[in-house]
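Please keep the sequence and the model in view while reading.

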Amino acid sequence: MAKTATKSVKKPAAKAAAKPAAKVAAKPAAKAAAKPAAKAKAKPAKKPGVKLSMLKPSVNNMTVRVFARAAGLGADETDAWGHTRSPEFTARNPSHLTPMIEDKGLPRGVLWESCAIMQYLANKHGLEKFYPKAPAKRAMIDSAMFYLVGTLYPYVARATYPFLGFPQYAGEVGHSDAHPDKKSEAQKAAMAAIAEPLEVFHSFFRDGKPFIGGKSPSIADIRLAATLEFLAVIDYPLPKWAKEYMAAIEKALGKAYSEPAGDVRGYIAHVKSQARA
């Protein structure tokens with residue numbers, strides 16, 4: 001009788017002790033396994049880097065440098081100063097122009113022209129914040145960039161390149177053997193012409209909005225702000241709205257804008273100091 005009593009007491013005790021212990025041990029193990037899985041899912045996928053050949057003093061190059069940073073593309077930059085006419089460079093890029101990106105997905109492997117580069121990268125990575133997909137909104141961004149490249153920038157180049165030490169385009173008075181007075185007249189005419197397209201950007205493309213892109217800077221805004229940086233070399237009297245606009249873009253984009261802009265501004269400061277010496 002004693003043995004039977006002992007067995008009946010021990011078995012329930014063992015089961016009762018084992019069950020809670022198993023439950024307690026299982027719960028932390030399940031939680032520990034679940035936490036790392038949740039964290040792994042939360043990590044955003046990194047955008048691939050952009051291989052970019054550029055010239056630091058150029059606002060055209062600054063445009064893509066700013067965009068790549070602002071878009072989080074992590075550009076792998078190569079300073080092409082003095083190498084754009086080399087056989088190696090022109091074999092890939094017969095135009096010898098910068099900025100230039102390299103991408104295996106491109107038909108010829110490379111792409112130049114700042115606006116085309118930004119459009120391509122925005123399309124490839126779905127960056128609608130900078131380049132909206134809606135046809136009407138996109139058309140305004142495109143129009144602003146093409147108007148800048150075709151109208152405003154030629155005036156800016158004619159007005160600033162002689163001071164910057166950049167070669168003028170073939171066919172321009174500044175590139176010819178014309179008398180210095182003629183070159184000076186052409187430069188002053190270009191400076192005077194800048195005011196009209198500037199006002200078009202203000203009254204038409206912005207139309208009361210903070211930026212051409214609306215509430216945040218678009219690729220057209222990056223291109224315009226970078227272009228206006230060159231006007232500092234001739235102490236061009238920018239209208240108040242343009243100064244505020246440039247400051248707003250730099251504030252919105254932070255280091256993505258200020259770091260490449262610093263290279264352009266540094267070059268301009270050097271040029272002006274040399275002129276005073």
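Which residue in S3 does lysine 51 stand opposite? Lysine 51 stands opposite glutamate 102 in S3.

## Basis of the report

The model is predicted, so that local features need pLDDT of at least 70 and side-chain atom pairs count only at pLDDT 80 or more, while totals for chains, interfaces and linings use all residues. Residues are numbered from 1 along each chain as its sequence is written, and side-chain values use heavy atoms, with hydrogens and water left out.

## Overall fold

The chain has 10 helices and four strands; helices (H or I, at least four residues) and strands (E, at least two) are DSSP runs numbered from the N terminus. Along the sequence the pattern is α-β-α-β-α-β-β-α-α-α-α-α-α-α. Of the 277 residues in the chain, 37% are buried (buried means under 20% relative accessible area, exposed over 50%, partly exposed in between, with a 1.4 Å probe and protein chains only). Among contacts (heavy atoms within 4.5 Å) between residues at least 6 apart in sequence, 66% join residues at least 24 apart.

## Strand pairing

Two strands pair if DSSP finds at least two bridges between them. S1 and S2 (residues 76-79) pair in the parallel sense over four bridges, and aspartate 76 in S2 is the bridge partner of lysine 51. S1 and S3 (residues 100-102) run antiparallel and are joined by three bridges.

S1, H2 and S2 make a right-handed β-α-β unit; a crossover is right-handed if, with the strands pointing away from the viewer, the path from the first strand over the helix to the second runs clockwise.

## Nonpolar cores

A nonpolar core is a set of buried Ala, Val, Leu, Ile, Met, Phe, Trp, Tyr and Cys residues joined through side-chain atoms within 4.5 Å. The largest core has 66 residues, and those with the most contacts inside it are Phe67, Phe201, Ile212, Phe230 and Tyr257. Elements giving two or more residues to this core include strand S1 (51-54), helix H2 (59-70) and helix H4 (114-125). H5 provides the largest share, 11 residues.

Leaving aside neighbours within four places in sequence, phenylalanine 67 is in contact with residues including Leu73, Met118, Phe130 and Ile222. A second, separate core of five residues includes Ala80, Phe89, Met100 and Val110.

## Aromatic pairs and charges over rings

A search of the whole structure finds 13 aromatic pairs; rings of Phe, Tyr and Trp (its six-membered ring) pair if their centres lie within 6.5 Å, and planes under 30 degrees apart count as stacked, over 60 as edge-to-face and the rest as tilted. The rings of tyrosine 147 and phenylalanine 201 form a tilted pair because their planes are at 50°, with centres 5.6 Å apart. This pair links helix H5 (residues 135-164) to helix H7 (residues 195-206), across 54 residues. Tyrosine 147 is partly exposed at 21% relative accessibility, whereas phenylalanine 201 is buried at 1%. Phenylalanine 166 and tyrosine 267 are stacked, with ring centres 5.9 Å apart and planes at 20°. Ring pairs link Tyr153, Tyr161, Phe166, Tyr169, Phe230 and Tyr267 into a cluster.

A charge sits over a ring if NZ of Lys or CZ of Arg is within 6 Å of the ring centre and within 35 degrees of the ring normal. The charged end of arginine 138 sits over the ring of tyrosine 131, 3.8 Å from its centre. Arginine 223 lies over the face of tyrosine 153, at 5.4 Å from the ring centre.
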